[in-house]
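Please look over the sequence and the model below before reading my points.

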Amino acid sequence: MNRDDIVTETIRVLIADDHRIVREGLKQILADASDVQLVAEAQTGPEVLTQVKALRGSEGLDLVLLDIAMPGLDGLDVLQVLKREHPRLPVLMLSTYPEKQYAVRCIRMGACGYLNKSADPDDMLAAVRKAASGGVFLTQDTAEALAAAVGSTGAQGGPETLSHREHQVYRLLTQGQTVSEIGAQLGLAPNTVSTYRARILEKTGAKNDVELALYAERHARPPVTP
């Protein structure tokens, strides 16, 4: 029996988000679809991994809806582990961040789509069905971000040019966290965080944290069309 045969009956979903109100909203959207069944939910990164292991990966699940900003272990780290330990299990990333910031990175890491939490419920269900059937769900913004990433060259590209760990440090730096705070959160020595910071400044062309924050804001905004 292939995956398409399974998901036409019931799509078994795990919702992972640290905000209860978001989980409740997602549960309501899924409840309105007769072909989707919520089988588990998690509110921390480690809890996601525990739940997936208990359900035996793709044997007990057809899809994980995974928030990027998860406590304990962030969504990108969880995605890495899931794709290594359960490569057949589709993971659809959710976030409040615009597609331009994270979509390319998530898809390159093996996610089957990236969706903003403010998406229309019909789009959310379409993404769930597409991802669970083995496809990749792309919004127009995500498709444009992928096209731009494929066509971009040069050292000073967008945030997608950063490595996974560099991007983690970049995100926390642009949230105003200090080197010591970032080290404590990521389990890294301050000197190591400082090394990542120097690489990030070089790759982005920023001279300091203020310029880096402006860079992040610029890359978070949608492109201006004439």
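What share of the contacts in the protein chain with a separation of 6 or more do residues 24 or more positions apart account for? The points below begin with that.

1. This is a predicted model, in which local features need pLDDT of at least 70 and side-chain atom pairs count only at pLDDT 80 or more, while totals for chains, interfaces and linings use all residues. Residues are numbered from 1 along each chain as its sequence is written, and side-chain values use heavy atoms, with hydrogens and water left out.

2. Residues 24 or more positions apart make up 67% of the contacts in the protein chain with a separation of 6 or more, where contact means heavy atoms within 4.5 Å.

3. The protein chain has eleven helices and five strands; these are DSSP runs numbered from the N terminus, with at least four residues (H or I) for a helix and at least two (E) for a strand.

4. The five strands form an open, parallel sheet in the order 2-1-3-4-5, and two strands count as paired if DSSP finds at least two bridges between them. At the edges lie strand 2 (36-42) and strand 5 (114-116), each pairing on one side only.

5. Strand 1 (residues 11-16) runs parallel to strand 3 (residues 63-67) and is joined to it by four bridges; Ala16 stands opposite Leu66 in strand 3.

6. Of the 226 residues of the protein chain, 47% count as buried, meaning under 20% relative accessible area with a 1.4 Å probe, protein chains only.

Note on methods
Buried < 20%, exposed > 50% of the residue type's maximum accessible area, 1.4 Å probe, protein only.
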